[in-house]
Amino acid sequence: MTSTLDTPRPDTAPAHPAAPVHAYDTGLLIVRLALGLTAAAHGAQKLFGWFGGGGLDGTGQFFAASGYPAGRTMAVIAGLSETLGGLGLVLGLFTPLAGAAVLGTMINAMAVKWGGGFFAPDGIEYELLLAATAAGVALTGPGRIAVDCRLPVLRAHRLGHGAAAVALAAVVGCLTLLIRK
């Protein structure tokens, strides 16, 4: 049985290549690009040391110092989550899962920085903004300017897909925190 939350409105029916693009599609593209490129760049810092990052060794040491076991492994997981999640958001590909990958990583980032207050440089305002935006895009969907709209199975974004992805991110993010010392 389909809930009314999963039923697409007439103006957001499954995107068809000939369907008109609305202002919110363009807005979602801009949000996806900003969030996705930012997340992917942070992932590249962790994985490859690009953009002044620590690479796997430096990031692994940070994770170990932050109480995570197997710091290098955690650096790989966080780096891949941010890089692949970010690129998925940029392309609008598997958008709910891409948003969940970024959200789960930001849950852990906020936990590590929790004692520093709200405002930067030591606070969580930046991570909270990325987490909220990732959750919002996962729930909303990618808009019509996205690869998902060209794939038959993913063409019609459903709120249920986004809610399941956000729940998955919360569960995995919190489970990861449980292994932290």
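## Burial and the model

Buried here means under 20% relative accessible area. The structure is a predicted model. Its chain has a mean pLDDT of 89, and 90% of the residues reach 70 or more. Buried residues make up 38% of the 181 residues.

One segment calls for care. Over residues 1–15 the pLDDT stays under 50. The model gives this stretch 19 contacts beyond four places in sequence. Where pLDDT is low, the predicted coordinates should not be read in detail.

## Fold

The chain holds six helices and zero strands. Read from the N terminus, the order is α-α-α-α-α-α. Take the contacts between residues at least 6 apart in sequence: 65% of them join residues at least 24 apart.

## Helix 3

Helix 3 covers residues 71–91, which is 21 residues. From first C-alpha to last it reaches 30 Å, close to the 30 Å expected at 1.5 Å a residue. G92 follows helix 3 and has a positive phi, near 70°.

Which residues of helix 3 are buried? They are G71, M74, A75, A78, G79, E82, T83, G85, G86, G88, L89 and V90. An α-helix has 3.6 residues a turn, so residues three or four places apart point the same way. The buried residues of helix 3 pack against helix 1 (23–48), helix 2 (55–65), helix 4 (95–113), helix 5 and helix 6.

I77 also belongs to helix 3. Its relative accessible area is 46%, so I77 is partly exposed. I77 and K46 are 31 residues apart in sequence, yet 9.6 Å apart in space, C-alpha to C-alpha.

## Salt bridges

How many salt bridges does the structure hold? It holds three. One joins K46 and E82, with the closest N and O atoms 2.8 Å apart. K46 lies in helix 1 and E82 in helix 3, so this pair ties together parts 36 residues apart in sequence. K46 is buried, with a relative accessible area of 16%. E82 counts as buried too, at 4% relative accessibility.

Another salt bridge is formed by the side chains of R72 and D57, at 3.0 Å from N to O. R72 is in helix 3 and D57 in helix 2, 15 residues apart, and the pair links distant parts of the chain. R72 counts as partly exposed at 45% relative accessibility. D57, at 52%, counts as exposed.

E127 and K113 form a salt bridge as well, with the closest N and O atoms 3.2 Å apart. E127 sits in helix 5 and K113 in helix 4, so the pair ties together parts 14 residues apart in sequence. E127 is buried, with a relative accessible area of 9%. K113 counts as partly exposed at 23%.

## R32: buried, without a salt bridge

R32 lies in helix 1. R32 is buried yet has no salt bridge. The nearest side chain of opposite charge is D148, 7.4 Å away.

What does the side chain of R32 reach? It reaches the backbone oxygen of V90 at 3.2 Å. A polar atom of the R32 side chain also lies 2.7 Å from the backbone oxygen of P142. Not counting residues up to four places away in sequence, R32 touches L37, L89, V90, L91, G92, V137, P142, I145 and A146.

## D148: the opposite charge

Where is D148 placed? D148 is in the loop between helix 5 (125–140) and helix 6 (159–178). D148 is buried and has no salt bridge. Its nearest side chain of opposite charge is R32, at 7.4 Å.

The side chain of D148 reaches the backbone nitrogen of F94 at 2.7 Å. Beyond four places in sequence, D148 is in contact with G92, L93, F94, T95, P96, P142, L154 and R155.

Methods: Residues numbered from 1 in each chain as written. Predicted model: local features only at pLDDT ≥ 70, side-chain atom pairs only at ≥ 80, totals over all residues. Heavy atoms only, no water. pLDDT = per-residue confidence, 0-100. Contact = heavy atoms within 4.5 Å. Helix = DSSP H or I, 4+ residues; strand = E, 2+ residues; numbered from the N terminus. Buried < 20%, exposed > 50% of the residue type's maximum accessible area, 1.4 Å probe, protein only. Lys, Arg positive; Asp, Glu negative; His and termini not counted. Salt bridge = Lys/Arg side-chain N within 4 Å of Asp/Glu carboxyl O. Polar contact = N/O pair within 3.5 Å; in protein donor to acceptor, adjacent residues only side chain to side chain. Expected span 1.5 Å × (residues − 1).
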